[in-house]
Amino acid sequence: MPFITKIKTFAALGSGVIGSGWVARALAHGLDVIAWDPAPGAEQALRKRIANAWPALEKQGLAPGAAQDRLTFVATIEECVRDADFIQESAPERLDLKLDLHAKISAAARPDAIIGSSTSGLLPSEFYESSTHPERCVVGHPFNPVYLLPLVEIVGGKRTAPEAIEAAKTIYTALGMRPLHVRKEVPGFIADRLLEALWREALHLVNDGVATTGEIDDAIRFGAGLRWSFMGTFLTYTLAGGDAGMRHFMSQFGPALKLPWTYLPAPELTDKLIDDVVDGTAEQQGERSIAALERYRDDTLLAVLDAVKTSKANHGMAFGD
Ligand SMILES: NC(=O)C1=CN([C@@H]2O[C@H](COP(=O)(O)OP(=O)(O)OC[C@H]3O[C@@H](n4cnc5c(N)ncnc54)[C@H](O)[C@@H]3O)[C@@H](O)[C@H]2O)C=CC1
Ligand SMILES: C[N+](C)(C)CC(=O)CC(=O)[O-]
């Protein structure tokens, strides 16, 4: 059976940080959105988050007909998914919860509607175990803020049809995203394995009293963070090898990987470490609210995205290159 790839109605289950980001992206692309979240006050919180994201989406450019009032909030899973052309689940990261939720979602959804999960690292073969028509079930792992960052990692499980991966690619691309197919089903996929390695090392640096959270963030944002928006680690290090490129880089810096610079196993999350991290980030946040910081992040991201797009075009490249 062919899967639906031209979507008009987007179903969102779970409307926290990530679910609301999906809703904002889908609305900005001119879709009708149906959302469900079991928490009391979830609808109001969702509408508030979308309103906070909307100015950035307007600056980026809305699709014809895009409007915040094309969101309908419903009371049951079945109402949410029954008529949807595409379904994205963004519920808490718990295997038991996702297993139970997907059994219900897939039983009520149209069999040709692709179902995506936002999971950061759970395995689709496991949490789609009890799903109806598991051949249309994928992971679509986004990055925060979902309504601005293009990357979405697509991961299939043992029973996912190759056509479903292709259909998911088409759908996410139509939503303005840059899909990356993770060909092997591994915990943490690609991006979160990289991000977690950095995060573990950062916690060790705080735990060992080497640096504050603010100093560690400075080390990222004034250095590698700037170049990461347009060039990844491998190409960056090719340039760092000079004219001799990556082979020279490997022989010069490869052996240092065996030196004990890094810790890799996670530090114990002691009360002191948690307090140091929370106090450090509170100081970084200062008097600014989370919503104000989100607006600052969104505006800066838009500026970076624009700059990268323009510079790539000047060098004969498309944004997705
Ligand atoms: N926060 C992040 O940076 C990222 C999170 N993710 C993934 O997105 C998913 C959601 O994470 P967040 O939005 O951060 O969490 P969150 O805690 O902000 O939101 C989760 C929402 O799910 C709702 N919920 C609770 N039980 C539910 C159920 N049985 N069915 C449906 N919804 C339910 C909660 O009321 C809440 O609104 C997780 O799988 C997470 O791994 C993916 C990328 C980034
Ligand atoms: C912390 N996290 C693992 C939930 C982060 C992600 O999954 C992606 C992101 O937005 O950094």
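The model is predicted: local features need pLDDT of at least 70 and side-chain atom pairs pLDDT 80 or more, while totals for chains, interfaces and linings use all residues. Residues are numbered from 1 along each chain, ligands are numbered from 1 in the order in which they are written, and side-chain values use heavy atoms, without hydrogens and water.

| Residue | Atom of the residue | Distance to an oxygen atom of ligand 2 |
|---|---|---|
| Ser120 | polar side-chain atom | 3.1 Å |
| Asn144 | backbone N or O atom | 3.0 Å |
| Asp192 | polar side-chain atom | 2.7 Å |

Taken alone, ligand 2 exposes 320 Å², of which the protein buries 54% (Shrake-Rupley method, 1.4 Å probe).

One cavity of 30 Å³ or more is counted, a cavity being a set of points on a 1 Å grid where a 1.4 Å probe fits but cannot get out. The largest cavity has a volume of about 120 Å³. Its lining has 13 residues, of which Val17, Ser20, Arg49, Tyr147 and Glu294 are the closest to its centre; lining residues have an atom within 4 Å of a point. Helices α1 (17-28), α2 (42-60) and α12 (290-314) each give two or more residues to this lining (DSSP runs of H or I, at least four residues). By class, the lining of the largest cavity holds six nonpolar, four polar and three charged residues.

An unreviewed UniProt entry places the feature "domain: 3-hydroxyacyl-CoA dehydrogenase NAD binding" at residues 11-185. The span 11-185 is 38% helix and 20% strand, with its end C-alpha atoms 25 Å apart; strands are DSSP runs of E, at least two residues.

Notes: 1 Å grid on protein atoms, 1.4 Å probe; cavity = no way out; pocket = protein on both sides within 12 Å on 5 of 7 lines; lining within 4 Å. Points joined across faces, edges and corners; volume = space filled by probe spheres on them. Nonpolar A, V, L, I, M, F, W, Y, C, P; charged D, E, K, R; others polar. UniProt positions renumbered as here; feature names shortened; annotations may be inferred. Polar contact = N/O pair within 3.5 Å; in protein donor to acceptor, adjacent residues only side chain to side chain.
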